[in-house]
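Please read these points with the model open beside you.

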Amino acid sequence: MLFLINFAKVGFYIAPHPNNIMITINITAKSTEGTVKQIQAVLGGTISERWGEYVLDIDNENAIGSIRFITFDWGGSLLEYRIVFFEEIELIMDTSEFNPIHFTYCLKGHCFHSFRKADQPIKLEELQPVIFTSKDDGYNYGYFPKDIELHINTIQISRVKFIRKRLNDASILNQKLYKVFHDDQHEREFSYFGTYNLKLAQLVKSLKKVKQEGMIRIMLIEGIVYQILSLHMIQHDRDVQRKKGKAPLLKRELKIIRKIAEQITLDVSKDYNLEALSTQTGLTQAKLQEGFKHFYARTVTEYVRHVRLEKARDLIIETDLNISQIVYSIGFSSRSYFSKIFKNKYGISPSEFQQNKRGLEIVA
């Protein structure tokens with residue numbers, strides 16, 4: 001579950017003003033479904049269900065947006081907030097009945113979490129992976145702020161069921177996460193606030209792009225949920241190994257890297273080179289390479305090539321342009337070079353793909 005609290009710009013907690021309107025929601029549920037229903041009981045809205053995917057839609061004086069959840073049989077559930085609250089929401093979650101491990105990622109907005117009401121909450125930044133779980137008979141406290149657009153993704157793991165069904169090889173976890181997953185009596189609190197991760201942003205965004213229906217839709221969503229969960233664990237392991245958990249990039253530098261990556265995606269035909277990007281951004285070439293490797297597992301050049309090939313694939317599928325036209329429209333000057341790297345990536349030449357595009361699907 002996610003909790004947000006109102007902070008001053010300097011980051012210190014400000015107690016709610018006594019004249020402010022605040023809505024308190026006490027969560028005593030035994031499941032994700034029960035949690036959302038208790039939110040609905042206070043905030044209103046309607047819950048709809050299709051193929052095991054539940055959505056609480058709210059459009060009233062309390063909020064506008066949705067909260068959706070899907071529960072899987074391996075002990076996990078997906079919980080997503082896409083919502084704006086019109087009043088501050090105080091959320092108090094009693095963990096005596098339902099105490100999962102929360103893998104949380106704020107794609108838009110920010111949130112804060114604490115285990116005790118008297119504690120100063122810790123901020124969950126936008127684009128920051130966070131893992132936390134309380135102990136039995138404990139609480140999670142926090143607030144959703146008002147008038148802020150939120151897109152928050154949480155995977156909740158029931159550890160006993162998950163270990164039985166999925167976590168057969170505990171060696172994949174570092175000792176810290178191992179202890180969290182195997183704390184089946186819920187005796188300890190745990191929280192981890194990671195370094196910023198843009199790969200998670202891409203995966204969270206991809207959930208919205210699933211347009212299929214029925215069983216296929218749920219299977220595709222479940223596959224993405226596994227990827228998100230895996231990236232949370234990988235990021236945690238990297239941060240444990242990294243001295244003092246310091247991020248390789250400052251937040252300001254992170255935003256610059258993200259803008260550059262978006263710029264490349266929006267205009268793949270432009271001639272991008274490391275020296276020019278360094279001049280444009282004010283980041284050193286080494287810092288640019290470090291940032292792209294950290295977030296995209298590619299150098300700048302590799303990222304440009306990857307985006308161009310994806311664009312070329314889409315153009316072959318969606319347009320009637322010939323291969324030469326596509327090559328030049330995405331910024332390549334050599335058709336033979338393009339054909340070579342296209343085949344290396346997709347296992348088929350662009351000409352063959354174009355001839356068979358109606359009956360052939362390629363998974364990038």
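1. Pro 145 sits in the loop that joins strands S11 and S12. Strands here are DSSP E runs of at least two residues, helices are H or I runs of at least four, and both are numbered from the N terminus. Pro 145 is buried, at 6% relative accessible area. Buried means under 20%, exposed means over 50%, and partly exposed lies in between, using a 1.4 Å probe and protein chains only.

2. The model is predicted: local features need pLDDT of at least 70, side-chain atom pairs count only at pLDDT 80 or more, and totals for chains, interfaces and linings use all residues. Residues are numbered from 1 along each chain as its sequence is written, and side-chain values use heavy atoms, leaving out hydrogens and water.

3. Asp 147 is in the loop between S11 and strand S12 (150-157). Asp 147 is exposed, with a relative accessible area of 53%. Its phi is positive, about 65 degrees, although Asp 147 is not a glycine. Most residues other than glycine have a negative phi. Asp 137 also has a positive phi of about 65 degrees without being a glycine. Asp 137 belongs to the loop between strand S10 (129-133) and strand S11 (139-144), and is exposed at 61% relative accessibility.

4. Where is Gly 75 placed? Gly 75 is in the loop between strand S4 (63-71) and strand S5 (76-85), and is buried, with a relative accessible area of 10%. Leaving aside residues up to four places away in sequence, Gly 75 touches Gln 156, Ile 157, Ser 158, Lys 161 and Phe 162. Contact here means heavy atoms within 4.5 Å. The C-alpha atoms of Gly 75 and Phe 162 are separated by 4.7 Å, although the two are 87 residues apart along the chain.

5. Helix H4 (residues 198-208) packs on helix H5 (residues 214-241) at an angle of about 165 degrees, with axes 10 Å apart. Axes are lines fitted to C-alpha atoms, for helices over the stretch in contact, and angles run from 0 to 180 degrees between N-to-C directions. H4 and H5 are therefore roughly antiparallel. Angles under 35 degrees count as roughly parallel, over 145 as roughly antiparallel, 65 to 115 as roughly perpendicular, and the rest as oblique. Residues of H4 in the contact include Leu 200, Leu 203 and Leu 207, and those of H5 include Ile 221, Ile 224 and Leu 231.

6. Helix H6 (residues 251-266) and helix H7 (residues 274-281) pack at about 130 degrees, their axes 11 Å apart. That angle makes H6 oblique to H7. Ile 256, Ile 260 and Gln 263 of H6 meet Leu 277, Gln 280 and Thr 281 of H7.

7. The largest nonpolar core has 69 residues, of which Phe 103, Ile 157, Phe 181, Phe 292 and Phe 338 touch the most other members. A second, separate core of 29 residues includes Ile 27, Ala 29, Val 36 and Leu 79. A nonpolar core is a set of buried Ala, Val, Leu, Ile, Met, Phe, Trp, Tyr and Cys residues joined through side-chain atoms within 4.5 Å.

8. Finally, the whole chain. The protein chain has twelve helices and 13 strands, and buried residues make up 48% of its 364 residues.
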